[in-house]
Amino acid sequence: MIAETVCSAVSAAGLGIAAITAYRKRFLAATRIAAYSLVPIGLVMTGVVEWLADTAFSPTAWAGFGVLGVAWVLFTTTRVVERRRGGTRKERRAARAAAQPEAVAPGASAPSLGQGSRPAARPAAAPRGDEDFSDIEAILKKHGI
């Protein structure tokens, strides 16, 4: 009963503020304020406020929320463990079967491209200072700067 009265008062106050805003020729803001102010009275008329009031003071409802919370924690924990282990038992067996080493040709580790037409220019060894600029020097020499 008190919640319905408070919601009605909030809606009336919001509509009053919307009327003042519209009087100041800010119609878009006034419409937005009116929309927000109609929400509490709409919740009262649909019965949501009564349901919330009954739920807030019901120990059975709070116990139900606790059970839902425990179920959610258990569900998320199992999902995390499943992702760390790599899925279900069938998926792990399939992953082990796919992970067997394959035969590799002896020359496979050698580079496929030979030496280029120009020999690679090696940057001169820079004296060790506080900072090593050898990478930057190599890039500059590569571009001819």
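## Terms and basis

A residue is termed buried when its relative accessible area is under 20% and exposed when that area is over 50%; values in between are called partly exposed. Val39, at 45% relative accessibility, is therefore classed as partly exposed. The model discussed here is predicted.

## Overall architecture

The chain contains six helices and zero strands. Read from the N terminus, its elements follow the order α-α-α-α-α-α.

Of the 145 residues in the chain, 9% are buried. The chain exposes about 13000 Å², and carbon and sulfur atoms supply 65% of that area. Among contacts with a separation of 6 or more, 33% link residues 24 or more positions apart.

## Packing of H1 against H2

Helix H1 spans residues 2-23, and helix H2 spans residues 27-46. The axes of H1 and H2 come within 8 Å and cross at roughly 170°. Since angles over 145 degrees count as roughly antiparallel, H1 is therefore roughly antiparallel to H2. On the H1 side, the residues making the contact include Glu4, Cys7, Ser8, Val10, Ser11, Gly14 and Leu15. On the H2 side, they include Phe27, Ala30, Ile33, Ala34, Ser37, Leu38 and Ile41.

Ser37, a residue of H2, has a relative accessibility of 5% and so counts as buried. Apart from its neighbours within four places in sequence, Ser37 is in contact with Ser11, Gly14 and Leu15. Ser11, Gly14 and Leu15 also belong to the H1 side of the contact between the two helices.

## Further residues of H2

The C-alpha atoms of Gly42 and Ser11 are 9.3 Å apart in space, while the two residues are 31 residues apart in sequence.

For Val39 and Cys7, the sequence separation is 32 residues and the C-alpha to C-alpha distance is 8.9 Å. Cys7 is one of the H1 residues that make the contact with H2.

## The loop between H1 and H2

Lys25 is located in the loop between H1 and H2. With a relative accessible area of 65%, Lys25 lies over the 50% cut-off and is therefore exposed.

The backbone of Lys25 has a phi near 65°, a positive value in a residue other than glycine. Most residues other than glycine have a negative phi.

## A nonpolar surface patch

Val39, Leu43, Val48, Trp51 and Leu52 make a nonpolar surface patch of about 450 Å². The elements that give two or more residues to this patch are H2 and helix H3, the latter covering residues 48-56. H3 gives the most, with three residues.

Val48 is placed in H3.

Terms used. Residues numbered from 1 in each chain as written. Predicted model: local features only at pLDDT ≥ 70, side-chain atom pairs only at ≥ 80, totals over all residues. Heavy atoms only, no water. Helix = DSSP H or I, 4+ residues; strand = E, 2+ residues; numbered from the N terminus. Buried < 20%, exposed > 50% of the residue type's maximum accessible area, 1.4 Å probe, protein only. Contact = heavy atoms within 4.5 Å. Areas by Shrake-Rupley, 256 points an atom, 1.4 Å probe, with all protein chains shown as cover. Patch = residues over 30% accessible without salt bridge, like charges linked within 9 Å, V, L, I, M, F, W, Y side chains within 5 Å. Salt bridge = Lys/Arg side-chain N within 4 Å of Asp/Glu carboxyl O. Axes fitted to C-alpha atoms, helices over the stretch in contact; angles between N-to-C directions. Parallel < 35°, antiparallel > 145°, perpendicular 65-115°, else oblique.
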